[in-house]
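Please have the sequence and the structure open while reading.

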Amino acid sequence: MTTDVMTIPREASRRYTATAQWLHWVTAALILAVLVLAWVMESLPNGDASRATVIMLHKSVGLTILALTAVRLAWRAIHPPPPSARWAAWESAAATASHWLLYLVLLAMPISGYLMSAGRGRAIPYFNLFDVPLLTPPTDAIWRIGSTVHAVGQWALYALVVLHVAAAVWHVAVRRDGTLDRMLPEQTAAETYGP
């Protein structure tokens, strides 16, 4: 007896929850936005009138990423990632390590950015809605710590994002094992192949 492949339902237990998927893709979009804002910010001269707005947006998006990462970690603690029986042990270990490193960087970057602003006594307007309170007095030591972590974190973020995208491409184009499907909403055969 043959089974039509298009009608076989995918195992829901192998997918991330809709909330985890939403948090993942929103965070990915915000990472792209914060990186673009950083590149634009660095390219603008100090006297440029738009520089202050770009800095405010960069900081605000960074703080949003911090909040979303905290929510993601809480959600992950309550709803562990789905298993992937198709992966080798080394793949699972590498995926776990890279995910936790990415979470660490997504926490460290906004916190270090906050320390840079606090170290200089600069206000942090959140999308010009309110100022985030500065919880530390301005000191060069605080600024240096924040600046160092931010500089190192920048390159770690680049590396981890490239690794993450390369792994996704590997699983889609080479392995074709449905790994990306785990982070996408479930589709019926009609949605996939049309009427």
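Helix α3 (residues 89-120) and helix α4 (residues 140-175) have axes that come within 7 Å and cross at roughly 150°. That makes α3 roughly antiparallel to α4. The model is a predicted one, in which local features need pLDDT of at least 70 and side-chain atom pairs count only at pLDDT 80 or more, while totals for chains, interfaces and linings use all residues. Residues are numbered from 1 along each chain as its sequence is written, and side-chain values use heavy atoms, with hydrogens and water left out.

Some terms are needed here. Helices are DSSP runs of H or I with at least four residues, numbered from the N terminus. An axis is a line fitted to C-alpha atoms, for helices over the stretch in contact, and angles between N-to-C directions run from 0 to 180 degrees. Angles under 35 degrees count as roughly parallel, over 145 as roughly antiparallel, 65 to 115 as roughly perpendicular, and the rest as oblique.

**Helix pairs**

α3 passes α4 in a left-handed crossing (the near helix is turned anticlockwise from the far one by less than a right angle). By class, the contact of α3 with α4 has 17 nonpolar, twelve polar and four charged residues. Here Ala, Val, Leu, Ile, Met, Phe, Trp, Tyr, Cys and Pro count as nonpolar, Asp, Glu, Lys and Arg as charged, and the others, Gly among them, as polar.

Helix α1 (residues 18-43) packs against helix α2 (residues 51-78) at an angle of about 155°, and their axes are 9 Å apart. α1 and α2 are therefore roughly antiparallel to each other. The crossing of α1 past α2 is left-handed. Their contact has 19 nonpolar, six polar and three charged residues.

**Salt bridges**

How many salt bridges does a search of the whole structure find? There are three, where a salt bridge is a side-chain nitrogen of Lys or Arg within 4 Å of a carboxyl oxygen of Asp or Glu.

| Salt bridge | N to O distance |
|---|---|
| Glu 91 and Arg 175 | 2.4 Å |
| Asp 140 and Arg 120 | 2.8 Å |
| Asp 177 and Arg 175 | 3.8 Å |

Glu 91, Arg 175 and Asp 177 are linked in a network of salt bridges. Glu 91 is buried, with a relative accessible area of 8%, and Asp 177 is buried at 7% relative accessibility. Arg 175 is partly exposed, with a relative accessible area of 31%. Buried means under 20% relative accessible area, exposed over 50%, and partly exposed in between (1.4 Å probe, protein chains only).

Asp 140 forms a salt bridge with Arg 120. Asp 140 lies in helix α4 and Arg 120 in helix α3, so the pair ties together parts that are 20 residues apart in sequence. Asp 140 is partly exposed at 48%, and Arg 120 is partly exposed at 35%.

**Nonpolar core**

A nonpolar core is a set of buried Ala, Val, Leu, Ile, Met, Phe, Trp, Tyr and Cys residues joined through side-chain atoms within 4.5 Å. The largest one has 18 residues, and those with the most contacts inside it are Ile 31, Val 61, Ile 65, Leu 106 and Leu 157. At least two residues of this core come from each of α1, α2, α3 and α4. α1 gives the largest share, seven residues.
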